[in-house]
Every structure is written in C-alpha cells, then in structure tokens.
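Subject: Structure handover

Hello,

Here is the structure for you to look over. My notes follow below it.

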Amino acid sequence: MPVLQRPEAEARAQLLHVDHYEIALDLTHGDEEFASRTTVRFTARTAGDTFVEIRPAALHTATLDGHPLDPAALDDNRLPLTGLTPGPHELRLDATMRYSRTGEGMHRFTDPADGESYVYTQLFMDDVQRVFGAFDQPDLKATFALTVTAPPTWTVLANGRTEQLPDGTWRTATTPRISTYLVAVAGGPWHSVRTEHAGLPFGIHCRASLAPHLDADAEEILDLTRRCYDRYHQIFQEPYPFDSYDQAFVPEFNAGAMENPGLVTFRDEFVFRSAVTDTERQTRGMVIAHEMAHMWFGDLVTLQWWDDIWLNESFAEYMGYQVLSEATRFTDTWTDFAIARKGWGYDADQRPSTHPVAPAPQDVPDTASALLNFDGISYAKGASALRQLVAWMGEKDFLAGINDHFARHRFGNATLADFIDSLARSTDRDVHAWAERWLRTTGVDTLTPAVAEEPGTWHLDIAHTGDRPHRIAVGAYDPDPGHPDRLALRDRFDVDIPADGHPARHTFPKAAPALVVLNDGDLTYAKVRFDAASWETAARALSGLPDPLTRAVVWNAARDLVRDGELPPTAYLDAARTHLPHETDLAIVQGVLAFARTQIADRYLPSPPPHAQGGPRTARHTALTTLTALSRDLLRRTEGPGHGPEAGLRLTAVRAFIDSATGPESIQEWLHDGSVPGGPDLDHELRWRILGRLATLGAAPIDELDAAIAAELARDQSATGQEGAARCRAALPDPAAKQAAWDALFTTDEESALSNYLFTATATGFWAPEQQDLLRPYVARYFAEVPALAARRGPALAKAAGRYAFPAVLVEDATLRHGERCLAEGDPTPALRRTLDDQLDDLRRALKVLAANAS
C-alpha cells in the first residue's frame with residue numbers, strides 16, 4: 001500500500017481546505033464486511049489535482065460534484081481527483097469495507113462467553129481509510145457527522161452525543177474540527193454506567209460479559225475521571241472542548257488506550273476480572289489521566305505532521321503522572337514512572353534505532369516511518385525531558401506557556417517551533433537553546449560522582465558524559481543512629497550541570513557521607529553511577545533509604561550497570577534477595593522482580609548448552625531458586641487474615657513464585673486445592689498462570705496436561721480463557737504441540753488466521769528457556785517466515801510478531817546471525833524491520849553481558 005509522503009501532504013494542505021464529512025456506516029451486513037458511504041465537502045484554493053484515500057473491499061460508486069468517477073481508477077488506496085477548479089466541491093464515495101481482526105480500522109470481535117459481537121474503530125495514523133474515504137492527514141481538520149445502522153440490540157457510541165432515530169439508525173452530534181485519525185465509533189450491546197459531571201454526560205462502557213467487573217470498579221473509575229477533569233480545568237485556561245466524555249473498554253485493543261475526542265477507547269484488560277495490585281489500579285488511573293490530557297494535547301491542538309508526535313505523547317505522559325499525583329489518592333506516581341517506564345526510554349535511546357524526541361522533518365518522510373516512533377523515546381524520554389524542563393524553568397512559567405499555546409492554536413495544528421515560541425513568551429529562560437539540546441539530540445547522558453575527603457571536609461566532583469544541561473538534586477545519606485539498617489538524609493542540594501563540561505567542585509564540611517545519590521528525586525533523564533563507597537552502602541542498605549523515589553533511582557542505576565556489563569547479574573539478584581523483603585513500595589517490588597525474572601534469569605545468565613544432560617545446576621536454575629525463595633519471604637511477610645494493606649504485595653509474591661517455579665510440587669498443590677495456603681483463593685488469572693507454568697515444565701504427560709487445559713477452558717469460557725488456553729497449549733514441551741502452535745501463528749489462510757490477541761498469547765507461550773533443544777530448529781524458520789507474515793497481515797501484527805514471536809530466549813550467536821541475514825536479505829516491512837533491529841540489539845547486549853560474566 002502506498003504510504004503518504006510528507007511532500008504530498010504539504011501539497012494537498014496547500015491546495016485544499018476541508019469543511020465537513022458526512023459518514024454513513026451500515027454494520028448489519030454480516031461478520032466480514034460493512035457498508036460505508038462518505039460525503040465530504042471541501043474547497044480548492046487553486047486549480048489542481050489531488051487524491052482521496054480509501055481501502056475498500058469494493059468501491060461501488062464515486063462522484064465529484066455530481067459527476068461520476070471511474071471506480072476502476074482506484075490505485076490501491078488512492079482515488080485520483082483531477083482537474084479541480086477553485087471553489088467548493090462535494091465528493092461522494094459508496095463502498096464495502098472489511099472488518100479487521102488485527103485491531104486496525106474497524107475491528108470486530110465476538111465474545112466467546114455469550115456470542116455477542118462488538119465493533120470499534122482504531123483509525124490512528126492512516127487507518128481511517130479502512131472505514132471511510134478521507135483526505136487522511138492530521139492538518140486537514142474538518143467537522144464530522146455520522147449515521148450508523150446497527151443491529152437492534154446494539155448501542156452506538158461516537159465522538160459526540162448519539163441518539164437513536166425512529167428508523168433504528170443512530171445519529172451522532174457534529175464534532176468540532178478534528179483530524180481524521182481521531183474519528184471514533186463503537187457499536188455493540190454495551191453495558192454502560194452513565195453519570196453527569198460539570199454539566200456534561202460522562203459514561204463508561206464494556207462488553208456485557210464484563211458487566212459485573214465494571215460495576216465493581218465503576219465508582220473508582222468515575223471518581224478518578226472527575227478528579228482529573230477538575231484538575232485539568234484548574235491548570236488549563238481552555239475548557240474541555242467537546243460535548244461529552246465516554247470511556248469504552250474494548251476487546252483486543254492494540255494500545256493501552258486511544259485519545260479519540262469524547263470517546264476514549266481502552267484495552268478492556270483494565271476492567272479487572274481477577275485480583276490486581278494497587279499499583280495496577282494506579283496504572284489504570286494514569287492511563288485515564290493520560291488520555292484526558294490528550295483532549296487538549298493532540299485533539300484541541302494537533303500536530304501538523306508526525307515528526308511532532310512528542311507534542312501529543314510526551315505531554316500526555318507527563319501530565320498523566322503529574323495530574324494523577326496531584327488530584328487523586330495515587331500520590332507516588334513518579335516512583336512508578338521511574339521503575340516501570342523510564343527504563344523503556346533508556347533502552348530505546350541506546351539502540352541503533354534511537355531518534356530525537358523531536359526528530360528533524362526529513363527523518364519522518366512518510367507515515368510508515370512516523371509509526372515507528374511511538375516508542376519509549378516519544379513517551380518515557382519525552383515525559384522525562386518535560387519533567388526536567390519544569391524543574392529548570394518553573395511550573396508557573398511552564399503552565400503559562402502551555403495556555404498560550406492552546407489559545408493560539410485551538411482546533412488547529414501546531415509545530416515544535418510554535419510550542420517553543422509559546423514557552424519563550426512566558427519565561428526569560430532560553431528555551432530555544434534548551435530544546436535544541438534536549439529534543440533534537442539522541443542518547444543517554446551519564447553522571448558519575450567522585451568523592452574525596454580531607455580532615456573535616458569532603459568534596460564532590462561530577463563527571464558528565466553527554467551534551468545536555470541538567471538540573472539535579474544530590475542526596476547525601478548516613479546511617480540512621482537509631483536504626484543501623486536504615487539511612488538518614490544528611491543533606492540534599494541542587495546542582496546545575498552545564499551542557500558542555502562538568503560542574504564546579506562542591507565542598508562541604510564534615511566527613512564524607514556513606515552514600516551519595518545523583519539525581520535524587522529523579523528530575524532528569526540520565527544514567528547515574530556511584531563512587532565505590534556509595535555502592536557498597538547501597539548494596540548493604542538500599543531498602544533503608546527513606547524515600548521510595550530515591551530507592552527507585554538506585555535500583556534503576558543497578559539495572560543500567562547490569563545492562564552495561566559493569567555489575568554482575570548475580571549481584572543484582574543478591575540485592576533483590578536482601579532488600580525486597582523489606583521494601584514498602586509495591587511498584588519497586590514489581591519492577592525489580594520483573595527485571596530479575598525476565599531479563600536476568602531468562603537472558604543474562606547461562607542456560608544449559610545444547611543437548612546438555614544432567615550435570616550441575618545452571619546459573620539460571622539457581623536464579624529461579626533465588627526468586628522462589630524471595631517470593632516465599634514475601635509470602636511469610638504478608639501472612640495474616642485478609643493481609644491488610646499488603647494484599648497487593650502478597651499477590652505479587654504469588655505470581656513471582658509461580659513464574660519462577662523450577663518444579664511442579666507447590667504450584668500443583670495450589671491448583672488442586674484452589675488456593676494458596678493462607679490465601680488468596682485462585683481466580684482465573686492465577687489458575688491460568690499456574691497451568692501455563694506446569695505446561696512449560698512438562699509437569700505431567702502431554703495428554704494429561706492437554707486435558708487439564710481443556711478442563712480449565714470449560715471453567716473459563718471467556719476471551720481471556722481462550723487466550724490462556726492458546727498460551728498453555730503452545731507452551732507444551734511436545735513436538736506436535738509446537739508444530740500446531742507454529743502453524744497457527746504463520747498460517748497463510750486468512751479465514752483461520754489468529755486475531756491479534758490470540759496471536760500474542762500463542763507466541764508468548766511458544767518460546768520457553770526450559771525448552772531450548774526443542775525450540776532451536778524454529779529459529780531459522782522464524783526469520784525465514786516472519787517477513788511474509790508481516791507483509792500479509794499489516795503493521796500491528798508485524799510488531800506483535802517481532803516482539804512476542806521473536807526467539808529471545810535463544811541467546812546465541814546463531815540467533816544473531818539468522819536475524820542479521822533476515823534484515824539484509826528478507827526485505828522486512830518497516831514495522832517489522834524496526835522491531836527486529838531492536839530485538840537484535842538487545843540480543844547483542846545480552847551476549848555481551850554473558851561474555852563479561854563468564855566464569
């Protein structure tokens with residue numbers, strides 16, 4: 001499919017002013033296709049030629065100003081419009097469109113729990129043309145009005161208020177001027193909870209089978225929504241710009257959520273059907289706050305072209321965490337950001353595929369390249385840069401600049417230069433120079449302390465590797481006299497680090513502190529190191545630091561040291577074993593356990609060599625044993641009726657124990673008994689988790705395991721149950737099971753092709769470090785077959801295939817060679833190429849870590 005080139009978009013924006021779309025969709029034509037009629041009114045500023053995008057199953061008719069156009073002139077997704085004269089025009093398109101099973105365009109899902117069907121749109125980037133014809137670029141905004149014909153039991157949701165007409169069709173209120181990618185429709189027998197706030201209708205919606213779970217959390221979700229809404233109105237002068245606020249939790253959604261004006265769509269895993277931790281509830285709250293921020297950053301004021309995606313995502317990421325911490329009970333959001341999100345940015349920024357937060361225009365020449373930049377840089381690094389900007393220029397001036405930006409560009413489009421100009425009008429700081437250093441460069445700076453001591457005096461020098469200015473806090477800590485296992489803050493002071501060179505030496509009275517922490521409070525984006533004495537203190541007393549955000553900074557530094565080959569992975573495990581039993585912040589426990597389990601145990605420690613039989617325990621086995629012992633420590637800590645405020649910690653420990661089990665004994669008993677001794681009772685999520693681990697371990701004959709999977713699916717006939725069964729069956733250490741899973745993943749039969757969620761579930765079950773001999777022959781097959789799969793099934797499945805189906809557990813030179821050959825000779829699509837590039841770079845890093853720590 002031809003992708004839109006930036007020069008084409010610029011030329012079309014110069015030629016056209018788009019006024020209004022009228023869209024008629026008929027969703028009653030079966031499970032495969034729907035009818036789409038588009039009327040678009042636009043004005044040509046001069047005479048010229050252009051095109052409209054549409055990707056139909058069949059284009060039946062097309063007329064321009066009442067004159068028929070030849071449908072056969074459609075070239076892939078482009079219908080030429082030639083000989084336009086200056087003045088107003090009306091284009092009509094009548095087409096049949098295909099439903100999607102990959103979460104793109106108009107996705108259709110049938111719930112296995114009750115047989116009910118649902119549809120929703122995800123039109124981001126260039127998928128509007130899968131649903132209706134459009135001049136599909138962000139700076140050709142227009143107003144939209146839709147009518148939707150749907151089955152009689154359905155409710156239709158859209159960007160604006162909807163009403164059902166006497167003939168049964170649904171009509172939407174006309175939107176303000178928005179970009180084409182922000183149009184949204186969702187249809188089905190939704191379960192809805194509706195209320196009103198600030199004079200606007202608010203609603204939350206999910207599929208009918210999830211109704212009890214949504215009802216259980218409805219007040220929490222709506223309370224968070226109201227609180228965030230009110231806080232945004234305190235800090236933004238521009239009022240909420242749309243006529244309603246609906247939040248729909250939809251099935252098989254590829255992203256966390258999508259900021260459609262007035263109808264935010266979320267992945268419906270956020271309707272919790274099993275027990276979750278408070279940190280997971282906080283994550284849901286952050287996503288609610290993030291998407292609401294987009295109503296201003298992205299929807300009211302929209303980027304002009306996709307090189308400025310940070311104007312959407314970085315701001316929503318920053319505002320989501322900040323507003324949640326200010327307006328709700330979740331006051332420690334930045335600790336979660338530090339431990340769960342920031343590493344995403346650091347990792348992305350050290351790969352060959354790194355890019356500036358705000359790339360140069362020539363680096364985003366088309367929509368395909370733009371799609372690749374929705375990554376840890378545009379989200380986590382961009383939000384970190386904004387947090388540093390606020391620390392540097394002050395929140396008052398920052399918010400003044402934002403409000404100036406909204407006022408100047410409301411319902412229009414803007415660029416990086418526009419935004420920086422708005423900031424510059426609000427401060428005497430040189431924000432243009434700051435932006436060049438922070439937004440136009442790549443890579444992660446590193447800050448390293450050097451501590452020297454003289455009688456009664458100590459000195460601090462900070463070595464700066466990089467080219468960005470930083471304003472950081474430095475924390476100096478000593479043992480707490482009353483509690484030897486704790487540390488007390490002696491002093492915290494600010495340091496300005498110049499873009500070029502190192503800051504001046506700092507000299508202080510008294511002896512040197514036991515621990516010096518750079519970037520205390522985590523206000524900048526940089527890797528930090530420790531002097532030798534400080535690291536010794538941290539290794540001994542990390543859990544004794546008084547502030548969880550400081551502890552997160554230290555844990556992140558340890559993570560970076562492992563990834564850079566400067567700290568043995570076993571030292572990280574030792575620190576986790578020592579300190580997590582005493583950690584009070586759940587986000588830290590979850591983040592450290594996740595890195596220890598998925599990176600250190602699975603990738604950074606040697607597994608058995610090919611065809612090894614018997615022999616001593618491997619380093620990986622020892623690591624898993626350490627993690628199960630740590631999990632038992634946490635379980636002992638949380639014993640007691642109801643577990644009180646530590647219920648989330650206990651759930652985290654149970655999950656970690658299951659995932660790290662090296663044998664079936666304990667978890668098999670849990671599954672048989674239906675509960676963990678001392679609680680909790682096993683819900684669906686925990687039962688599938690245990691069954692998946694038992695399948696991976698080959699804990700019983702294959703036919704018994706297969707029967708157990710079938711029995712569990714009979715207990716849980718939900719969509720999540722279908723995914724659990726697919727994951728477990730793919731995990732079975734059996735040649736026939738592996739071949740069946742592989743055939744399902746890479747089938748060429750479109751009718752039987754897996755949906756995006758079933759594909760991911762199957763792929764994640766397939767690869768297991770315990771099964772390397774069985775899996776090794778599939779490495780070459782993966783790299784031979786994945787390019788065709790990506791080309792056939794589109795960008796969403798390409799990313800899933802590159803991320804989840806990649807043979808990451810085979811940390812071997814042969815995997816690297818096959819991957820490099822695929823990039824050189826396999827002609828992968830842009831989405832697949834970028835994902836493979838990243839995976840192979842992570843593989844190189846893992847190989848270096850293994851080599852650096854080889855005994």
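Helices (H or I, at least four residues) and strands (E, at least two) are DSSP runs, numbered from the N terminus. This is a predicted model: local features need pLDDT of at least 70, side-chain atom pairs count only at pLDDT 80 or more, and totals for chains, interfaces and linings use all residues. Residues are numbered from 1 along each chain as its sequence is written, and side-chain values use heavy atoms, with hydrogens and water left out.

Confidence

pLDDT is the predictor's confidence in each residue, from 0 to 100. The protein chain averages 96. At least 70 is reached by 98% of the residues. Residues 612–616 fall below 50. Beyond near neighbours in sequence, that stretch has one contact in the model (contact: heavy atoms within 4.5 Å). Where pLDDT is low, predicted coordinates should not be read in detail.

Backbone

Most residues other than glycine have a negative phi, and most peptide bonds are trans.

- The peptide bond from G679 to P680 is cis, with omega near 10°. P680 lies in the loop between α17 (665–673) and α18 (684–697).
- D827 has a positive phi, near 55°. Its loop runs between α26 (813–825) and α27 (830–852). D827 has a relative accessible area of 65%, so it is exposed. The cut-offs: buried is under 20% relative accessible area, exposed over 50%, partly exposed in between (1.4 Å probe, protein chains only).
- N519 also has a positive phi, near 60°. N519 is in the loop between β27 (515–518) and β28 (527–528). Its relative accessibility is 2%, so N519 counts as buried.

Core

In soluble globular proteins, nonpolar side chains tend to be buried together. A nonpolar core here is a set of buried Ala, Val, Leu, Ile, Met, Phe, Trp, Tyr and Cys residues joined through side-chain atoms within 4.5 Å. The largest such core has 278 residues. Within it, Y232 and F398 touch the most other members. Helix α14 (residues 586–604) gives this core its largest share, 11 residues. Which residues does Y232 contact, leaving aside neighbours within four places in sequence? They are A289, M292, A293, W296, M319, G320 and V323.

Aromatic rings

Rings of Phe, Tyr and Trp (its six-membered ring) pair if their centres lie within 6.5 Å; planes under 30 degrees apart count as stacked, over 60 as edge-to-face and the rest as tilted. The whole structure holds 55 aromatic pairs. Take W742 and Y778: the ring centres are 5.0 Å apart and the planes at 45°, so the pair is tilted. This pair links distant parts of the chain, 36 residues apart. W742 is in helix α21 (residues 735–746) and Y778 in helix α24 (residues 777–793). W742 is buried at 1% relative accessible area. Y778 is buried too, at 8%. Y782 and F783 have ring centres 5.0 Å apart and planes at 80°, so that pair is edge-to-face. Both Y782 and F783 are buried.

Two rings carry a charge over them (NZ of Lys or CZ of Arg within 6 Å of the ring centre and within 35 degrees of the ring normal). R12 has its charged end over the ring of F51, 4.6 Å from the centre.

Cysteines

A disulfide is a pair of cysteine sulfur atoms within 2.5 Å. The count is zero. C206 is buried at 0% relative accessibility, and C728 is buried at 2%.

Best wishes
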